[in-house]
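Subject: Handing over the model

Hi there,

Here is the structure I promised you. Please have a look at it first, and then read on for my notes.

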Amino acid sequence: MDKKTILKVYETMLTIRKFEECALKLFEENKLRGSVHLSIGQEAVPAATGTFLRDEDYITSTHRGHGHAIAKGARVDLAMAELMGKTTGYCGGRGGSMHIAEVEKGNLGANAIVGAGIPHATGAALSARIRGTDQVAVTYFGDGASNEGIFHETLNMASLWNLPVVFICENNQFGLSTPQSKACSVKDIAVRAGAYDMPGEVVDGNDVFAVEKAFLKAVKRAKEGKGPTLLEMKTYRWKGHWTGDPEVYRTREEVEAWKKKCPILRLEKHMVDKGVMSTAEIANKHKEVDGVIRKAEEFALTSPEPDPATVLDNVYFGEVN
Amino acid sequence: MSIKKYAVAIRDVIAEEMRSDSSIFVMGEDIGPQGGIFGCTRGLLDEFGENRIIDTPISEAGFTGVGIGAALTGMRPIIEFMYMDFTYEAMDQILNQAAKLRYMYGGKATLPLVIRGQQGIGRGNAGTHSQSVEAFFTHIPGLKVVQPSGARDAAGLLRTAIRDNNPIMFFEHKALYANSEEVPDDTDFSIPFGVADVKREGGDVTIIATSLMVGRALEAADILAKDSIQAEVVDPRTILPLDMDTINASVRKTGRAVVVHEAHKTNGVGAEIASRIMEDSFKYLDAPVTRLGAKACTLPFNLVLENAVVPGVDDIVAAVQNISYR
Ligand SMILES: Cc1ncc(C[n+]2csc(CCOP(=O)(O)OP(=O)(O)O)c2C)c(N)n1
């Protein structure tokens, strides 16, 4: 990665982290409802993949999807407004935290049903193939989702039809309270690619350089018409499954050990070591992003609630008699 | 006009629409060289090629989701289900995804998608291949639900479905595929959704019937006519949207109504129609609205038993006679 790219990836990670810290704060202040699933600790995956996509490329995402949307170019003010259910939010308050979408910019949407977005990205890839474009589709999902039937059905079709899609499994070690070892027949989810005759690769998901390298290889393969790839990004979720999780399934020590592998700290150290950014510049960047998030928070807090008279809008396209 | 079988009418509309709109493609099991097990895509592979006539693996949830992704990104997929009973495999993708994404994404997602296939009795296919499952799809807002009872309606309604920008559930009937009817040759011939068709006029009682039951209701009406009861037969054609204006107008004229469908009576679409008649037209009614539908058991394999489960012509005649007191 050149310096400009590193800075872009870094800023994206920082934005995701601070966006989610702000969401957590708002939740604790009772200003934000519903369930909020934080990806704190996992930011390297969206940042070092989404940053490399064009507007016309597609993504689908999950309940833990703030990072994917932001890396694909979502505005943090509109995203925060959606988390608060405000009328200015991406979905006008109809979707909330788990459904941020911006179809015209290639974000085909986050999805609250585990695994449900996987075929949507694959369908976008099929559509690109039929239309003869060089668009690529990326779908993010968890380790838990790789146990859903639709994951297997879709990988089979994507490989059978050589579709330009990249399957990104963010293995954060748990599906809610269940450790991967208690839910998966395999140690590495990447080996599941073999069943569908596509390449599968285990990647250090907290290392932006490793993520970028594996991702660009998969994108190249997709664009060359060679078909899909399954990338398993090993990472860790620092926070509970959702806000309010008692976290009985792991020890504090385990969480602390993973915090030492923070993808953001890791990149900051690299940048200082290589002279990409000084500690003072890093501190300034933090302040700058803090300011952006504060503005987004303010925007969300002061945005109006949706008008109940509009609740029946958009059930259908057009009038239905 | 051409005389066409119901299955051929469907195939021809798909082909005509595909010729004029390159964003339409068809996906499903055994629809390529096989042409679909009921022939509704016969010959289409030769004309349109593998890029647009796509044989899928037996992965109903997966290919429905793939269709949704294609619809979100500028295509207009038609998904054939070999049996509509198999939609159970894809319920999350249909009811949670196709029906809801537009709403949940704040109106910014558009899903022009047709899910079509056959259902119902007639071939002794037993409990998992003979059901009428349309009611499930009317309960969750976001889908439109169509049930053509003849070749002409099938052609006109399918064209409307393909051109609509919403996800459509299009329920054909296996026992109707071989029935022939005159179908207009006009490649723009279409029938709007939400417009019921009065298949027979009469002043004494209204029979509201769908799909295969429309034919049985017409037979029943002929028998009743000999008894000096003139039945009006109304086919809603689309059960969502539902043309209550036509139904109410008929019921207000006749004062009596029987609703008949092949699907289970319990919580079937008939319950919705009957209660809406009572909400809208109670003071015009001279008798309670009667519902007929399949008995509350699994569709049996044996054809004698299968026929005993779903409403027959005799059942319709008896139901009408029962409410035709003065
Ligand atoms: C089909 C379905 N089953 C269960 C749930 C409830 N649920 C939401 S998230 C989750 C865990 C998902 O684990 P994983 O796919 O690994 O993603 P992660 O939460 O770790 O990011 C569960 C069980 C759901 N939303 N959808």
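How do the residues of the lining of the largest pocket divide into nonpolar, polar and charged? They divide into 17 nonpolar, 10 polar and 3 charged, where Ala, Val, Leu, Ile, Met, Phe, Trp, Tyr, Cys and Pro count as nonpolar, Asp, Glu, Lys and Arg as charged, and the others, Gly among them, as polar.

Before the rest, a word on conventions. This is a predicted model, in which local features need pLDDT of at least 70 and side-chain atom pairs count only at pLDDT 80 or more, while totals for chains, interfaces and linings use all residues. Residues are numbered from 1 along each chain as its sequence is written, chains are lettered from A and ligands numbered from 1 in the order in which they are written, and side-chain values use heavy atoms, with hydrogens and water left out.

**Pockets**

The search ran on a 1 Å grid over the protein atoms alone; a pocket is an open set of points with protein on both sides within 12 Å along at least five of seven lines, a cavity is a set where a 1.4 Å probe fits but cannot get out, and lining residues have an atom within 4 Å of a point. Points are joined across faces, edges and corners, and a volume is the space filled by probe spheres set on them.

The largest pocket holds about 630 Å³ of space. It is lined by 30 residues, and the closest to its centre are Ala135(B), Phe136(B), Thr138(B), Gly268(B) and Val269(B). Two or more lining residues come from each of α6 (134-138), β12 (238-240), β13 and α10 (269-281) of chain B; α10(B) gives the largest share, with 4 residues. Helices (H or I, at least four residues) and strands (E, at least two) are DSSP runs, numbered from the N terminus.

Both domains of chain B take part in this pocket: domain 1 (2-183) and domain 2 (197-324) each provide at least three residues of the lining. The domain bounds come from an automatic or database domain assignment. The centres of the two domains of chain B, taken over C-alpha atoms, are 26 Å apart. Their contact (heavy atoms within 4.5 Å) takes 27 residues from domain 1 of chain B and 25 from domain 2 of chain B.

The second largest pocket has a volume of about 260 Å³. Of its 24 lining residues, His63(A), Val114(A), Gly142(A), Gly144(A) and Ala145(A) lie nearest the centre. Here β2 (137-142) and β4 (174-175) of chain A give two or more residues each, and the largest share, 3 residues, belongs to β2(A). By class, this lining has 9 nonpolar, 12 polar and 3 charged residues.

**Cavities**

Helices α1 (6-20) and α7 (151-163) of chain B supply at least two lining residues each, with the largest share, 4 residues, from α1(B). The classes come out as 6 nonpolar, no polar and 6 charged.

**The sheet in chain B**

Chain B has an open sheet of 5 strands in the order β9-β11-β10-β13-β14, with mixed pairing; two strands pair if DSSP finds at least two bridges between them. Because β9 (197-200) and β14 (290-294) of chain B stand at the edges with a single partner strand each, one side of each is left without a neighbour in the sheet. Neighbouring strands are turned by 25 degrees against each other on average, direction ignored. Strands β10 (205-209) and β13 (257-264) of chain B run parallel and are joined by 4 bridges, and Thr206(B) stands opposite Ala257(B) in β13(B).

Helix α8 (212-226) of chain B lies across β9, β10, β11 (231-235) and β13 of chain B, at about 175 degrees to β11(B). Axes are lines fitted to C-alpha atoms, for helices over the stretch in contact, and angles run from 0 to 180 degrees between N-to-C directions.

**Backbone details**

Leu240(B) and Pro241(B) are joined by a cis peptide bond, with omega about 0 degrees. Pro241(B) sits in the loop between β12 and α9 (244-254) of chain B. In chain A, Asn30(A) is a residue other than glycine with a positive phi, near 65 degrees, and lies in the loop between α1 (3-28) and α2 (44-50) of chain A.

Best wishes
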